[in-house]
Amino acid sequence: MSLNSADIKHVAALSKLSLSAKELKNYGSQLGAILDYVGQLAAVDTDNVETALRLGDSNNVWGEDKVHEWDQAEVKIALSQALGEQQGQIKVPRVLE
Amino acid sequence: MNLNQLTIEEARLLLDSGKITSLELAHDCLKRIKSLDKKIKALITLGEPEALSQARLADERIGRGEKGTLLGIPYLAKDNLLTKGIRTTAASKMLENYIAPYNATVIAKLEQAGAVLLGKTNLDEFAHGASTENSAFFTTKNPWDLKRVPGGSSGGSAAAVAADFCLFALGSDTGGSIRQPASFCSVAGFKPSYGRVSRHGLMSMTSSTDVIGPLTKTVADAALVMSVIAGADKFDSTASSVKVEDYQAGIKKNIKGMKLALPQECFGDDLSPEVRKVMDQAIADFKKMGAEVETVSLPHMKYGIPVYYIITPSEVSSNLARFDGLRYGYRAQNKKTDTLNDIYLNNRGEGFGPEAKRRIMLGTYALSAGYYDAYYKKAQAVRILITKELEEALAKYDAILTPTSPHTAFKIGQQDQDPLQMYLEDIFVSGPALAGLPALSVPAGFIEGLPIGIQIIGPKFQEAKILGLGAKFQEATSWHKTKAKI
């Protein structure tokens, strides 16, 4: 199975990835080969498997909804990573259209 | 002997008796890194000033009479573990200059224990791969043959331990990423049970299988590192509160009478005669020590890879959605960005490498409308069958033995254009990862001068037993004592 050009464009759009024409072609055939390979799972009988079953023994862990002060030195490092900063706030490109 | 060649156990004795200092130990490791990493390329970042100041601090603590398992011991960490103030890149262009504001829990625990962080090691981008060839920066070389890969994704950590750059290294294992490079580089690589070690501060790849673990020169050293990094954590609700075992006592236990299972599916006709010979010898060694070995059948094990390559991309597509280059990370320059969607498309299209993109798309596809039931839901169902099968076998047997990898290290560039071929690397290591079981790779021999490991898989949260089997194997064999000539 090879994903056709429309399929792979659709997946790339859902994935929020801009891809070149060459990439679209390459990934189309590579993903097709991988999907063919994983398709062997269709042969496994899973009729009686309860997929809602959670793996392991973990339970919900509850924590109090409490505000913790953040260490100022750490705040400084975090802000230093921002691509834009103004008055101690992260400045981002315009997102409202 | 240069101090960087020591095991943790050996260094501990010398540090505690005052024969060496942590600073001397760190100096020898740094010297080794500076003279050889040009060839090996195991490190992305060297943190020399930080390491020297941590070593001085450790010496002060030792001087005050403080005792500690890893106090003053130099180590390296895979570059997907957050280190406060030291760059953490995930080997991705997306985070090339990223500096974390806090330490991962394992890094914080090691700092508290007085271990000395020397730097950060190379990996496949975001830990996607089995060779380090997917690193956005460079490929790490295997110390046993510089034309070959060290394995991956923790390839930088495995190569660094094999080349004596450090006394131990941390890696992460999602579907074999500690064990396979350990096999390729002839070091011990231990993947703890899922939830045994906190994932807080490990960059999320596949949140349902990601685990942090040690790569060490001996299995006994792996037990020492585990004793410091294992345990519950308020920052990771999946870090288990099951009591941490006494690993030091565990590795001393006699293995006489222990029952070991050999899955016939892992020792079939497609296993190369050379690998089989190494495995037969290792199995004979276990028998000599009094272990009972029986063949079993695990018919669902062969579905480990197809399940893994649905579950993993699905979780990857979700976990990597956070990287959009809006607030931090990679931002595309000189591109037409009229809309918010354009910004996302360009930043992500340029910032991620090919394998990350492949996995994001594969996961997005498997989770998308119309395909969810056929792929994701089906894979989860088969995952439960694989898990039950392994758990049932481990209710009857103390451990399961398999080769870690179907072959020794392959040549750089040999299979990097064929993603499916690369996925098949995980054939023996993906099952225990999907089931959340502890598994260890121990050096078991050489084929034409290249190392190969044996994998020991155990029941959940019984790491002491698995480490014990590995430690006893190393008392009976000397494969781990042979060093790569670089």
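Chain B of this predicted model is built from 16 helices and 11 strands. Its C-alpha trace spans about 65 × 55 × 45 Å along the principal axes. For 486 residues, a compact globule would come out with a radius of gyration near 23 Å, and the 21 Å of chain B agrees with that. Buried residues account for 62% of the 486 residues in the chain. As for how the chain folds back on itself, take the contacts in chain B between residues at least 6 apart in sequence: 76% of them join residues at least 24 apart.

Now to the sheet. In chain B, 11 strands line up as an open, mixed sheet in the order β1-β3-β2-β4-β6-β5-β10-β11-β9-β7-β8. The edges are taken by β1 (43-46) and β8 (292-296) of chain B; each has a single partner strand, so one side of each is left without a neighbour in the sheet. On average, neighbouring strands are turned by 30° against each other, direction ignored. Thr45(B) has Lys120(B) of β3(B) as its bridge partner.

Helices pack on this sheet too. Helix α2 of chain B (residues 22-40) touches β1, β2 (74-78) and β3 of chain B, and its direction makes about 20° with that of β3(B). Helix α5 of chain B (residues 155-162) lies across β1, β2, β3, β4 (168-173), β5 (188-191) and β6 (211-216) of the chain, and runs at about 155° to β4(B).

There is also a helix pair to look at. Helices α7 (residues 219-229) and α16 (residues 463-476) of chain B pack at an angle of about 150°, their axes 8 Å apart, which means that α7(B) is roughly antiparallel to α16(B). From α7(B), the contact draws on Val219(B), Ala220(B), Ala222(B), Ala223(B) and Met226(B), while α16(B) brings in Glu463(B), Leu467(B), Gly470(B), Ala471(B) and Gln474(B). By class, the residues of this contact split into 7 nonpolar, 2 polar and 1 charged.

That leaves the contact between the chains, to which chain A gives 38 residues and chain B gives 47. On the chain A side, the elements that supply two or more residues are α1 (5-14), α2 (21-38) and α3 (72-80) of chain A. Of the elements there, α2(A) gives the most, with 7 residues. The side of chain A that touches chain B has 25 nonpolar, 10 polar and 3 charged residues.

Conventions: Residues are numbered from 1 along each chain as its sequence is written. Chains are lettered from A and ligands numbered from 1 in the order in which they are written. This is a predicted model: local features need pLDDT of at least 70, side-chain atom pairs count only at pLDDT 80 or more; totals for chains, interfaces and linings use all residues. Two strands pair if DSSP finds at least two bridges between them. Helices (H or I, at least four residues) and strands (E, at least two) are DSSP runs, numbered from the N terminus. Axes are lines fitted to C-alpha atoms, for helices over the stretch in contact, and angles run from 0 to 180 degrees between N-to-C directions. Two residues are in contact if their C-beta atoms, placed from the backbone, lie within 7 Å. Angles under 35 degrees count as roughly parallel, over 145 as roughly antiparallel, 65 to 115 as roughly perpendicular and the rest as oblique. Ala, Val, Leu, Ile, Met, Phe, Trp, Tyr, Cys and Pro count as nonpolar, Asp, Glu, Lys and Arg as charged, and the others, Gly among them, as polar. The radius of gyration is taken over C-alpha atoms; the globule rule is 2.2 Å times the number of residues to the power 0.38. A residue is buried if 20 or more other C-beta atoms lie within 10 Å of its own, exposed if 12 or fewer, and partly exposed in between; C-beta atoms are placed from the backbone.
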